[in-house]
2 protein chains.
Amino acid sequence: MQIANRMQGISGSAIRELFKLLGDPAIISFGGGNPSKACFPSETIRTITDELLREKSDILLQYGATEGYMPLRRAYLDHILPDNGLHGELENVLALTGSMQGLDLICKAVINPGDVVLVEEPSFLGALQTFRVAQAKLVTVPMHTDGVHADELEEIVKKHRPVVFYTIPTFQNPAGYVTGAKTRKKIAELAAEYDMLVIEDDPYAALRFCGEKEPTIKSFDTSDNVIVLTSFSKTISPGLRVALCFGNKDLIRKMTIAKQGSDTHSPNLNQAIVAEFINRGHMPAHIEYISGVYARSAGVMTDAMAEHFPEWVHYEKPVGGLFIWCTLPEGWDAQELFKRAVERKVAFVPGAPFHTTEGAGLNTFRLNFSAEPEERIREGIKRLGDLLKEMAEEK
Amino acid sequence: MQIANRMQGISGSAIRELFKLLGDPAIISFGGGNPSKACFPSETIRTITDELLREKSDILLQYGATEGYMPLRRAYLDHILPDNGLHGELENVLALTGSMQGLDLICKAVINPGDVVLVEEPSFLGALQTFRVAQAKLVTVPMHTDGVHADELEEIVKKHRPVVFYTIPTFQNPAGYVTGAKTRKKIAELAAEYDMLVIEDDPYAALRFCGEKEPTIKSFDTSDNVIVLTSFSKTISPGLRVALCFGNKDLIRKMTIAKQGSDTHSPNLNQAIVAEFINRGHMPAHIEYISGVYARSAGVMTDAMAEHFPEWVHYEKPVGGLFIWCTLPEGWDAQELFKRAVERKVAFVPGAPFHTTEGAGLNTFRLNFSAEPEERIREGIKRLGDLLKEMAEEK
């Protein structure tokens, strides 16, 4: 049987594969990006779902519009976007079966094989895979602890003329870093100057532990060249697969046509649950609650790291999101660390797959602090710290 | 902003666009392929959903496996496939966000731009669009009242060497016709002889009004070149977007990787609802009930057609599925009929978009009998019959 060229050399997401390994409950997992199950608003969802199925099953169980369930699109326009300084119309909005689908549909609508897509290095594994399956040519801009740097970005854009720049500006995956307001404005300006589509993927922004939130790149967008992906996977539930995007009407229209041939429409019930959750006003208190939970978990993890990790492991204290990015001295191989950590029933994600440049990031790894309870975070970090010290002695 | 080559000239599904027009409740719609809302097992779904969210919300609201929710994959292997003479293993099965996603993932896994995909003429609009977005070269085999003909098929396969043959063998959309057992066996043989992937899309097979069910093409498959798409949209609910596919393990693996970058995984709750519906034994009685409802609706429609349609409108009495395919004399334009029918508040789907050959099927149209109550079916058919007679007199 023929295999398409686009799938040659694509081996599947290292994280998705890791998920399977994590079936062993004895393993303390800092891999994945799973929200804490304690943060799911389960009772509220159950109440809402029961009411929806009592009152609207005729509509919810029937085929729906490709554009999305109207009350969800309205809730997004009326509540979520204005909270981020954004305003638009229904034609700017498309519902998605998870925000990953947004990337797939953008690729279908915009990318020809061989086109240049600019990504941060490191960046979200799933996005990299989607761009590779779309046969894009990946070019990178380095991530720093204060996000991408405007001067580096401009130089790369000038040189490579990317069709798309994919960025996670807030609490980036995997690095956790935040790109500042001045650079965000510059990104919007570059989008206009070079007719470059900017994908602003922002699933973690609501999970802020301290400080003021940054303005969105989209809020600086004068050329309508920025599309925002809004996920509810980290704030309400990933299992529901509900996300939305907000952008240029022509692009949204092309993405809608691509979606007709991708999954016809997103499931109605799931969209209705999220719409009701927003419309009943649950979001602010829920976000405050889960941000507090994750801030505490992050604190537990960094306290344990301060106690158990050798001082030559570099990382920043997170101010939001779900991840801590660690850098080992040059010459270390996080893949080797991973193999030995799993033997001690601790898992994380080695950093190399988040990189595009051949051989980059071998000495990096990502820790997630949202999926495990506090005592297991402490224990897991202790085991990792002990292992790091042992491996250093062996060197 | 750049638009990808694959989207040039793709204008969106005529049926999806029609859906919007059907917001006017005064319009009697024989367009679309909506199941009757009276056929949704709403109360059972509500009970199941409430129990699932009480007992399993930790799992169902969390990220899930790309391969699908395990109890659904098992229910498919243990109950649905054996009922169709099929047996396999977990690695043969992938859960889908609606069976349309199966087509998209097959295209991603198998089709290079310019590859030949063989489709029935007429065929399902959504599938044609997915193949066009994949930049396949479409070649057609004619549908007859007894389905595709083996001799015609073999000749076309020999000549064009398609990478994929897409077929809806039972109660085809839009024609409603059934391809017989002998031809099904021949299709499986051609798949082996020419290393051609056969997509057996079978969403309507359960909706049989009389007679014995045909064996699946897959049941004759000796070369593992047939993949089956199984949808629950027509039997349980389209709004839940739950489907599965069953095929070659290598292909399923490639599709799984493609799915990682398409929507990560299908929503867990929706898969769990369908799994419970199957595992609690609801399917047989529910299928019997809805088949009876649709048989009655089909009878009401064909009785009304016999009374009101001119004798020169050709159609077959359906023995299952959701559609009646109508052919007008040469020279008629069903698009013109459609425009004037909508003025009289009756809608259907003109047949041309189901055709791939330029200019083919202008004198054809599709009637759906599952979405309207009986009195509106009678009234709508009367209006259509009156209009047909008037238009004939004007000619």
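Predicted model: local features only at pLDDT ≥ 70, side-chain atom pairs only at ≥ 80, totals over all residues.
Residues are numbered from 1 along each chain as its sequence is written, while chains are lettered from A and ligands numbered from 1 in the order in which they are written.

**View 1. The contact between chain B and chain A.** Chain B gives 69 residues to the contact and chain A gives 69 residues, where two residues are in contact if their C-beta atoms, placed from the backbone, lie within 7 Å. Helix H2 (42-55) of chain B gives the most to the side that touches chain A, with 7 residues, helices being DSSP runs (H or I, at least four residues) numbered from the N terminus. Of the interface residues of chain B, 100% are also interface residues in chain A, so the copies meet through the same surface.

**View 2. The axis relating the two copies.** A rotation of 180° with 0.0 Å of shift along its axis superposes chain B on chain A, with an RMSD of 0.0 Å, by least squares on the C-alpha atoms of residues with pLDDT of at least 70 in both. The two copies are thus related as by a two-fold rotation axis. In chain B, the C-alpha nearest this axis belongs to B:Asp50, 3.3 Å from it.

**View 3. The packing of H2(B) and H10(B).** These helices pack at an angle of about 120° with their axes 10 Å apart, the axes being lines fitted to C-alpha atoms over the stretch in contact, and angles running from 0 to 180 degrees between N-to-C directions. Among the residues that make the contact are B:Ile48 of H2(B) and B:Phe277 of H10(B).

Technical notes. Helix = DSSP H or I, 4+ residues; strand = E, 2+ residues; numbered from the N terminus.
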